[in-house]
Amino acid sequence: MLDVRRMQVLRAVVASGSITAAAAHLGYTPSAVSQQVAALERQAGTPLLERVGRGVQPTRAGRLLSEHAAVIGRQLAEAERGLADLRAGRTGVLTVRYFATAGATLLAPALAAFRREHPEVRVDLAMTDPDDPLPEVAGGRADLAVVVRPRGRAAEGVRLVPLLDDPYRAVLPAGHPLAGAEVVDLVELAEEPWVRADGPGPCLDTVLDGCAAAGFSPDFVAESQDYATAQGFVAAGLGIALIPELGLAGRHPGVVVKPVRGPEPVRAIGAAVRPAALGQPALAALVAALAGAGAGAGAE
């Protein structure tokens, strides 16, 4: 295989017309330049230069390799510029996973801020269940996932950056006896029929842990996999529900929403990333943008 560095030496000789001039341009000795060209000729199996007076000129093979060396030189320069842009976070692709209720409140404003500073970085988005994306991040199939922090430790090789604490609210039918209360004690809901608004996972765990702390286990009479449907069930009088604030952006007209205490269940939302990947400027900037959006949402 032809040596790319020796081809660049040949190109310098052809461009300057002499070995001495090429050596001065490259910062080599004339002897070193001659040795590099001779080694390239052995690789090529044919002479590449011929003497003309006090200088040299390329043979047909030498001209061919010199032209290719010029193309390779431009490509290497482009590769170096591209690598520098990638290292600096000016270009590249980030793969992001998120769950539905985090999209509008967290991800949308964070992406708007991120794209103002990194317009050439493409962000590939895909929605997923809040429980599932940790293995994708750990396995390198996603750069970042917005998740509800699971009970216990996160997946091996994943770091969770806190973004937002999302408190649960009591969602009651409009005519419920507690509809006029300012705050609902969780124990007051112990004897109520419940609508389960979350599937198994950290969101449901947060609700169950809160009920356990209040001394009871909820009696679920209906299940839903989304918060809009859960509100509809509550409005129809099937039961009451606990739904996080982020899930109440669109409120059903037939329900009332009240703060909860004793305790107030709160789901912790974070950005799951691989610790080593946080050294990438673009990813670090996106995490910072998400943290800023989370701070803004928490202040509302």
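Reader: Let me start with V183: is it buried or exposed, or something in between?

Author: This is a predicted model, and in it V183 is partly exposed, with a relative accessible area of 28%. That value falls in between because buried means under 20% and exposed means over 50%.

Reader: Where is V183 found, and what does it touch?

Author: V183 is found in the loop between β6, which covers 159–173, and β7, which covers 184–185. Not counting residues up to four places away in sequence, V183 touches P259, V260 and R261. As for V161, it is 22 residues from V183 along the chain, and the C-alpha atoms of the two are separated by 31 Å.

Reader: And V146, where does that one lie?

Author: V146 lies in strand β5, which is made of residues 144–148. V146 is buried, with a relative accessible area of 1%. The C-alpha atoms of V146 and V161 are separated by 9.5 Å, and these two residues are 15 apart along the chain.

Reader: Which residues is V146 in contact with, leaving aside its neighbours in sequence?

Author: Once the neighbours within four places in sequence are left aside, V146 is in contact with R97, Y98, F99, A102, L106, L163, I269, G270 and L290.

Reader: How many residues does the largest nonpolar core have, and which have the most contacts inside it?

Author: The largest nonpolar core has 60 residues, and those with the most contacts inside it are L144, V146, L189, W194, L242 and L290. Helix α9, which runs over residues 281–299, gives the most to this core, with 8 residues. There is also a second, separate core of 16 residues, and L10, V33, L48 and A69 are among them.

Reader: Okay, helices next: at what angle do the axes of α2 and α3 cross?

Author: The axes of helix α2, residues 19–26, and helix α3, residues 30–44, cross at roughly 105° and come within 8 Å. The two helices are therefore roughly perpendicular to each other, since angles of 65 to 115 degrees count as roughly perpendicular.

Reader: Which residues make the contact?

Author: On the α2 side the contact is made by I19, T20 and A23, and on the α3 side by P30, V33 and S34. Sorted by class, this contact of α2 with α3 has 4 nonpolar residues, 2 polar residues and no charged residues.

Reader: What about L26, where is its place, and what does it touch?

Author: L26 has its place in helix α2, and it is partly exposed, with a relative accessible area of 30%. Not counting residues up to four places away in sequence, L26 touches V9 and A12. The C-alpha atoms of L26 and V13 are separated by 9.8 Å, with the two residues 13 apart along the chain.

Reader: And M1, is it buried or exposed?

Author: M1 is exposed, with a relative accessible area of 95%, and it is found in the segment before α1, which covers 4–16. M1 and S31 are 30 residues apart in sequence, and from C-alpha to C-alpha they are 23 Å apart in space.

Reader: One last thing: which residues does the cis peptide bond join?

Author: The cis peptide bond joins G262 and P263, and its omega is about -5°. P263 lies in the loop between β11, covering 255–261, and β12, covering 266–273.

Key
Residues numbered from 1 in each chain as written. Predicted model: local features only at pLDDT ≥ 70, side-chain atom pairs only at ≥ 80, totals over all residues. Heavy atoms only, no water. Core = buried A, V, L, I, M, F, W, Y, C linked by side-chain atoms within 4.5 Å. Buried < 20%, exposed > 50% of the residue type's maximum accessible area, 1.4 Å probe, protein only. Helix = DSSP H or I, 4+ residues; strand = E, 2+ residues; numbered from the N terminus. Contact = heavy atoms within 4.5 Å. Axes fitted to C-alpha atoms, helices over the stretch in contact; angles between N-to-C directions. Parallel < 35°, antiparallel > 145°, perpendicular 65-115°, else oblique. Nonpolar A, V, L, I, M, F, W, Y, C, P; charged D, E, K, R; others polar.
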